[in-house]
Structures are given as C-alpha cells and as structure tokens.
Amino acid sequence: MKNHQKTFAVLTALWALGMATETAAAPPAQTQTTHRQGAAKMALSNKQYSLAQIGAFTANGDTGRLKDAIDRALDQGLTVNEIQAAMVQLYAYAGFPRSLNALSALSERVQARRAQGLKAEQGRAARPLPEHADLLALGTQTQTELVGQAVDLSALSPDIDRYLKTHLFGDVFANDLLNWQEREIITVAALSSMQGVDGQLNSHINVSKKHGISDEQIAEITRISKPEMSQFPAGGENTAYARYFAGKSYLNMLSTDQVVVGNVTFEPGTRNNWHIHHAAKGGGQMLLVTAGRGYYQEWGKPAQELKAGDIVHIPAGVKHWHGAAPTEWFQHLAIEVPGENTRSEWLEPVSDADYGKLE
C-alpha cells in the first residue's frame, strides 16, 4: 500500500504548525512542446494541466470553465474515475458544495458526450483498501511520510486531528488513481484560486517542490486561476512591487523599448498605494483599461470608476492610486510617458475606510 499512500501536503497542519519545507526544486516531471496563446512552452504535461484546471475551477466555483476543462481532459485521455478522484479530493479544500457541484458538472458532461459519441472512458476503479485496515494508523503513516515528521493537531482539536488522519489521509487519499504529484498539483491549483489561504498555499508549494515539481510548473499552475481577461497575458505575480500594493497583482512587461508598457492585472480588492510620477520635464503615465472594473483617484478628488475602453492621463507630479473594484478583477496597460529624470515615489496605502466606501 505504500505507493498508494503518498498524498497531498497537510491541509491546515503545515500552516498551523509553520512547517513549510525549504528544499531545492527538482527537475520537471515532464515537459511539453505544446503552446497556448500568450504562454511559453508548457512546463506541465497535458494531463497535469487538465488536473490543475479542474482543481482551480472546482475551488473557485467557475462551472463554465470547469466544464470546458472536463471536455479537454476527457479528449486527452483522462478517465471519468480519475477526474472524480480529483473532485472528491477537493472537498477538503473547497468544501462539499463546490465538490458536489463539480461532480454534477462531470456527470452532465459525460452523459452529453456519450450521447454524441464522444470520448468519455470510465477507466479502472481504485484498488480497495485491505479488509479491516486501521485507518488511523494508515493515515498517520501517510501524513508523517509526506511532511517528514509527525503532525499532531489535537491541541487545536482532537476531532480535526482524527478526521485528517483517518478519513482524509487514511481513506480518501489511499485512492491510487492519481499519483502524489498529480494530487499536489490539484491542491496547489485549488489553493491558488482562493483568497485568504496564502499560508497553506506556500506550504503546499514548498512540499510540491520537495517532491519534484519545478518552479516553472508551479508558476504555470498558479496562473490558471486568473481569468482570461484580454488578449494581453496577465504574467506572473507582481512580487517586485508587492510592498506597494494591498492585495495581489500580476505584471507582464509588454515593452521595454521605445515606450515602456506593462500589463497590470489586479485581483478583486487589490489596489496600489498612493504614488507620484516625478519628472523634470514631460513624464507621467497613461492607463488604458482593457478588462474588468476598477477605480482611479487623484488626491483631493473623488474616485473615478473605470471599465474596459477607458483612458486615464496622469500628469507628472499628481498624487494618485488605481486598482480593482472590491469584488471584481481589473486589468489595464500602464504606459510610461517619456520624460527627463523620471522616477516614481511610493507613498502611504489607501486607507481601508476610504476604499471601503467604493462598490
């Protein structure tokens, strides 16, 4: 059973106990030469990418994109039982409602595809556990092997510690239809599509890398949850400027020649700090809104709502901020206006009280 028992990284255990593992990334499990619009060479195999999509879209409740992902997965040879195993796993992260919704979407697509004569292979069933298996002992072994040391959450709750060990690790993840890397890909994809779980996500990323998932694969997994907002790819997480943002943003530098143009994507509720573009001559910035809904505000003036097609001219020396609406994604092209001795001065964050007045 040992090969079957490797499972996804510890749910709340890693986060609660601060056990993020620092290890070097191993080589990618598999690479592909397939290309997607706006993306470089795939770091994930087609199967891995499909499982990551299923993880992300199940967790964030995007049923439309999930159904498309199910169709692609079945076209590429994943079986119905493998997809079911992924969706059952996700109840522990996204909750039973999202897991059940995903299973219903799968059932709907399988029935429709079979009626049309399209591929929807059931596949083999999971191998059963040994009769009278001690699920607590089995789950404890699995959890310990994965994390690298024993985990005890009984101080938080004896019940949650027992549920994790017996049901989640001892039963659900004993299912051998998906290997450990595939389950970890599903988990990272799910957590990256959810808000407020950065601790768990970072722990899972570290454990994934320990078990052979590369940085390139992680980057591709975490990009899946971002909606396709425009023809301009969102790019990677905007870590270089993260200290100047409230919330998470993504940056893709489209041009650094002649005129500097960056595509900036904001998650719902994300905005940058108040800031000023300085220049001895010329300078400033233009914003071309490409998708979503957001706001722009100059110091001492009311905030302006922004939607796709809007253009904002920001003169040098004007204190301002811009970002997403509280409940919607937002994307704009930021164009640096050429000037002499240009620089940006980052100032205080937009207050929660002021931002909270926006809709």
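**View 1. Q258 lies in the loop between strand 3 (249-255) and strand 4 (261-266).** Helices (H or I, at least four residues) and strands (E, at least two) are DSSP runs, numbered from the N terminus. This is a predicted model, in which local features need pLDDT of at least 70 and side-chain atom pairs count only at pLDDT 80 or more, while totals for chains, interfaces and linings use all residues. Residues are numbered from 1 along each chain as its sequence is written, and side-chain values use heavy atoms, with hydrogens and water left out. Is Q258 buried or exposed? With a relative accessibility of 85%, Q258 counts as exposed. Here buried means under 20% relative accessible area, exposed means over 50%, and partly exposed is in between (1.4 Å probe, protein chains only). The phi of Q258 is near 60°, a positive value in a residue other than glycine. Most residues other than glycine have a negative phi.

**View 2. H132 sits in the loop between helix 7 and helix 8 (135-147).** This residue, H132, has a positive phi too, near 65°, and is not a glycine. Because its relative accessible area is 75%, H132 is exposed.

**View 3. Helix 3 (residues 46-59) packs against helix 5 (residues 80-89).** Two packed helices are described by the angle between their axes and the distance between the axes. For helix 3 and helix 5, the angle is about 40° and the axes are 10 Å apart. Axes are lines fitted to C-alpha atoms, for helices over the stretch in contact, and angles run from 0 to 180 degrees between N-to-C directions. Helix 3 and helix 5 are therefore oblique to each other: angles under 35 degrees count as roughly parallel, over 145 as roughly antiparallel, 65 to 115 as roughly perpendicular and the rest as oblique. Which residues meet here? K47, L51, I54 and T58 in helix 3 meet E82, I83, A86 and M87 in helix 5, where contact means heavy atoms within 4.5 Å. The residues of this contact divide into 5 nonpolar, 1 polar and 2 charged. Ala, Val, Leu, Ile, Met, Phe, Trp, Tyr, Cys and Pro count as nonpolar, Asp, Glu, Lys and Arg as charged, and the others, Gly among them, as polar.

**View 4. Helix 5 is mostly covered.** How many of its 10 residues are buried? The count for helix 5 is 8, namely V80, N81, E82, I83, A85, A86, M87 and Q89. Their cover includes helix 3, helix 4, helix 6 (91-94), helix 7 and helix 10 (180-192).

**View 5. Helix 4 (residues 63-75) has 13 residues.** At 1.5 Å a residue, helix 4 should span 18 Å, and its end C-alpha atoms are 18 Å apart, which agrees. The expected span is 1.5 Å times one less than the number of residues. L66, A69, I70, D71, A73 and L74 are buried in helix 4, and their cover includes helix 3, helix 5 and helix 7 (96-115). Just after helix 4 comes G77, with a positive phi of about 105°.

**View 6. A246 is found in strand 2 (residues 245-246).** A246 counts as partly exposed because its relative accessibility is 26%. Leaving aside residues up to four places away in sequence, A246 touches G269, T270 and R271. The C-alpha atoms of A246 and D352 are separated by 9.7 Å, although these residues are 106 apart along the chain.
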